[in-house]
Amino acid sequence: MIASECAPVAKVGGLGDVVFGLTRELEIRGHSVEIILPKYDCMRYDHIWGLQKCYENLLVPWFNYHISCTVWFGFVHGRKCFFIEPHSPENFFNRGAYYGFPDEHVRFAFFSKAALEFMLKSGKRPDVIHTHDWQTALVPVMLYEIYQHIGMWHSRACHTIHNFKHQGIAGANILWLTGLGRPEYYFQRDRMGDDFNHSAINFMKGAVVYANFVTTVSPSHAWEVRHSDWGYGLGHVLHQHQSHFGGILNGLDYDMWNPESDPHIPYHYSAGDISNKYKTKEALRQRMLLRDAYKPIVAYVGRLDPQKGVPLIRHAIFHALHRNAQFVLLGSSPESGINADFWAIKHHLNDNPDCHLEIGYNEELAHLIYAGADMLVVPSLFEPCGLTQMIALRYGTVPIVRAVGGLIDTVFDWDFSERPRQERNGFVFHQTDNLAIESAMDRAIGLWFNEPEQFHELAINGMRYDYSWNQPGKDYVNIYEYIRDK
Ligand code: ADP
């Protein structure tokens, strides 16, 4: 695995969860997996065991010189991880944050190159190299254009796209820096030439063209990206390569997210007996300074990114309060405008005993919210897979989601789904206007107040679903077997 994130050591969103969870599942199935990551200064070093140098002075060719790197090895909750630390004036990964810099493309092009160089020089010849998102999308390109010819002839490439919005659009300088060169060749539209900006290459398009198999993170999203605008311009190239493109629903790490043993929640419970969930709800109220009242708690956990339906999240807060429910939010945004907006709402509702907004990132608090809340809203504009609704289901918290991407594949409406009643697990709405989310929230909150036994049944239905890595793990192994050099 070559990736820019791995939970919990370097996690910004679902990508980190997937890299860790899939690796663990593959190991359980008897495969040997190693993860290569950048060595960020801001990682959670407390989650790495036995960190030590394992390769010094790795000389990575870069433009017409070399950058020397130290490669470190350590275990992240049992997973074998290598961390690449470049020594150069650019200080690629020592900047106090994972993302958000003007030279982002250079940083991750370098990381991709360094990862391949490390494998080449240390004699690693994996059957499959699995890369993720635009940050490592140049790996399949460089594997087939460079490294295959100098020793890595047998490795195959699988690339997973977690988010089509960010594709890695850059100029010809990346080609010169990485040693790919030949702009006239790579700028061709059937290689990496971007379809909108003709003087740019598109990293992600490169992965679609060069990888032996490309996946995205749910079957519905695999359809959406080929047939709607959610492919962000890659629909055409995905059509061309559709024989090796498919959607595999992400799994959830059922060890990390387990209401029966979660160390971050004060009381444990299972589908057989969820009475302790109500005690956890009290603990959540104490933590979030909410009053003790006969009301459901509606929650939102996640990035406050435009993708997540920010206006609908905002509306959900006020509508929940209007409908006599309580609301808790945990989230943050890299966009200062959105953050400021939520800080303003927080101040506005400061004295409201039924509402608490926590603006920031807090892994432990997220667990308590998933366990203590009654409902979770996920009003995304687009959602390739979405983990938060799956975590909510695992904790007996009823998801209220918009019918898009992976949310369609995981949440089935209590009132309108064609599935049998025992398989219905949440509430689904379709449009992006306030009335749409209001009607779904009204149905959920109404059921909680008026038909508590049915609401309980609905929550248990959700807990009985198996969204672990079991099935996706099998699916990925099938892909690896299919593409590997036999
Ligand atoms: P995305 O990958 O688009 O961010 P996902 O739903 O796939 O969305 O994954 C989000 C993951 O990040 C979940 O594990 C969620 O609990 C976690 N997360 C997001 N924001 C926060 C936050 N502010 N604090 C704690 N965990 C968060």
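This is a predicted model: local features need pLDDT of at least 70, side-chain atom pairs count only at pLDDT 80 or more; totals for chains, interfaces and linings use all residues.
Local features need pLDDT of at least 70 and side-chain atom pairs count only at pLDDT 80 or more, while totals for chains, interfaces and linings use all residues. Residues are numbered from 1 along each chain as its sequence is written, and side-chain values use heavy atoms, with hydrogens and water left out.

Start with the sheet. Four strands form an open sheet in the order S1-S4-S3-S2, with mixed pairing. Strands here are DSSP runs of E with at least two residues, helices are runs of H or I with at least four, and both are numbered from the N terminus. Two strands pair if DSSP finds at least two bridges between them. Strand S1 (34-38) and strand S2 (48-62) are the edges, each pairing on one side only. From one strand to the next, the twist averages 25°. Angles run from 0 to 180 degrees between N-to-C directions, and axes are lines fitted to C-alpha atoms, for helices over the stretch in contact.

Look at S1 and S4 next. They pair in the parallel sense over five bridges. Contact means heavy atoms within 4.5 Å.

Now turn to a helix pair. The axes of helix H3 (residues 138-145) and helix H6 (residues 203-210) come within 7 Å and cross at roughly 50°. H3 and H6 are therefore oblique to each other. Angles under 35 degrees count as roughly parallel, over 145 as roughly antiparallel, 65 to 115 as roughly perpendicular, and the rest as oblique. The crossing of H3 past H6 is left-handed, with the near helix turned anticlockwise from the far one by less than a right angle.

Which residues in H3 and H6 meet? From H3 come Leu138, Pro140, Val141, Tyr144 and Glu145; from H6 come Phe203, Gly206, Ala207 and Tyr210. This contact of H3 with H6 divides into seven nonpolar residues, one polar and one charged. Ala, Val, Leu, Ile, Met, Phe, Trp, Tyr, Cys and Pro count as nonpolar, Asp, Glu, Lys and Arg as charged, and the others, Gly among them, as polar.

Val139 also lies in H3. Is Val139 buried or exposed? Val139 counts as buried because its relative accessibility is 1%. Buried means under 20% relative accessible area, exposed over 50%, and partly exposed in between (1.4 Å probe, protein chains only). Leaving aside neighbours within four places in sequence, Val139 is in contact with Ile2, Ser112, Leu116, Ile129 and Thr131. Val139 and Phe203 are 64 residues apart in sequence and 9.4 Å apart in space, C-alpha to C-alpha.

Last, the backbone. Most residues other than glycine have a negative phi, and most peptide bonds are trans. Ala7 and Pro8 are joined by a cis peptide bond, with omega about -10°. Pro8 sits in the segment before helix H1 (14-28). Asn91 is not a glycine, yet has a positive phi of about 50°. Asn91 sits in the loop between strand S4 (79-87) and helix H2 (104-122), and counts as partly exposed at 35% relative accessibility. Asp133, also not a glycine, has a positive phi of about 60°. The loop between strand S5 (128-132) and H3 holds Asp133, which is buried with a relative accessible area of 8%.
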